Amino acid sequence: ALNTEKRIATPTFSQLYKDWSSVHYPTISRKKSVAYTASFNTMKDLHNLYYNEITLKQMQDAVNCAKNTYGQRRLCKNVLHMMEDYANKNGFDERHITQYIVLPPNVKPVKNPFTEEEIRKLESAWENGDKFAGVILIMIYTGMRHCELKLLLPENIHIEDGYLMGGQKTEEGRQGEIMIVDGIKPMMEMFTETNPVAYSDTTFKKHFKEC
């Protein structure tokens, strides 16, 4: 009878997640909650297990089922850690084992800059009417990313004076001037009326790959 009462009082992993997320998700952004939900769904082998009986190895195996990247597995570990904290505070478990979950090395991808030959090809493509080649050249010579370019307003572009107002990396960047070198002034004309890249990152990546 005592064992039955304990079973009833002890939530499964899914039940604990439901209770925890109902409290936590209203306090965070939708983007984060979607990411955490995806991580929970990845750890499906834990869903029907009683939470206080889940071992460190089972948690580690569940994390390892996520994509073999530091970011994806870190999200899973974060969810497990926050659920553990919730379980501790509500008397469902007294252990602190999520701290021992091992993540893969945080290896940052190597980014190769455009070569001089590639830049010349882009310039040639622009001269032959490929407007997106011009967009890439603007990014090369200003250091701006798509997320910055798509927010660029016509009133912030001063082609004759050789600068624009933009950037998002820092507060200084948002308020600072970015030089418009002579070679990209004709390309900047595209942004003086309607923004030609004011679309999603997915669409941008598609055009970038095609170019």
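Tutor: Keep in mind that this is a predicted model. Let's start with a helix contact: on the α2 side there are Phe13, Ser14, Tyr17, Trp20 and His24, and they meet Tyr36, Thr37 and Phe40 in α3.

Student: Okay, and which classes do the residues of that α2 with α3 contact divide into?
Tutor: Five are nonpolar, three are polar and none is charged.

Student: At what angle do the axes of α2 and α3 cross?
Tutor: Roughly 175°, and the axes come within 12 Å. Here α2 covers residues 13–24 and α3 covers residues 30–42. An angle over 145 degrees counts as roughly antiparallel, so that is how α2 runs relative to α3.

Student: Let's stay on α3. How many residues does α3 have, and how far does it reach?
Tutor: It has 13 residues, and from the first C-alpha to the last α3 reaches 18 Å. That is close to the 18 Å expected at 1.5 Å a residue.

Student: Which residues are buried in α3?
Tutor: Ser33, Tyr36, Ser39 and Phe40. If you look down the axis of α3, its buried residues fall within an arc of 120°, so they line one face of the helix.

Student: And what's on the face of α3 turned away from the buried side?
Tutor: You'll find Arg30 and Lys31 there, and both are exposed.

Student: So what covers the buried residues of α3?
Tutor: The cover includes α2 and also α5, which is 70–89.

Student: Oh, a new helix. How do α3 and α5 pack?
Tutor: Their axes are 9 Å apart, at an angle of about 90°. Anything from 65 to 115 degrees counts as roughly perpendicular, and therefore α3 and α5 are roughly perpendicular to each other.

Student: Which residues meet there, between α3 and α5?
Tutor: From α3 it's Ala35, Tyr36 and Ser39, and from α5 it's Leu75, Cys76, Val79 and Met82. By class, that contact of α3 with α5 has six nonpolar residues, one polar and no charged ones. Tyr36 also turns up in the contact with α2, and it is one of the buried residues of α3.

Student: Changing topic: where is Lys209?
Tutor: Lys209 sits in helix α11, residues 201–210.

Student: Is Lys209 buried or exposed?
Tutor: Exposed, because its relative accessible area is 76% and the cut-off for exposed is over 50%.

Student: How far apart are Lys209 and Glu94?
Tutor: In sequence, 115 residues; in space, 51 Å from C-alpha to C-alpha.

Notes
Residues are numbered from 1 along each chain as its sequence is written. This is a predicted model: local features need pLDDT of at least 70, side-chain atom pairs count only at pLDDT 80 or more; totals for chains, interfaces and linings use all residues. Side-chain values use heavy atoms; hydrogens and water are left out. Axes are lines fitted to C-alpha atoms, for helices over the stretch in contact, and angles run from 0 to 180 degrees between N-to-C directions. Helices (H or I, at least four residues) and strands (E, at least two) are DSSP runs, numbered from the N terminus. Angles under 35 degrees count as roughly parallel, over 145 as roughly antiparallel, 65 to 115 as roughly perpendicular and the rest as oblique. Contact means heavy atoms within 4.5 Å. Ala, Val, Leu, Ile, Met, Phe, Trp, Tyr, Cys and Pro count as nonpolar, Asp, Glu, Lys and Arg as charged, and the others, Gly among them, as polar. The expected span of a helix is 1.5 Å times one less than its number of residues. Buried means under 20% relative accessible area, exposed over 50%, partly exposed in between (1.4 Å probe, protein chains only). The arc is that of the directions from the helix axis to the C-beta atoms.
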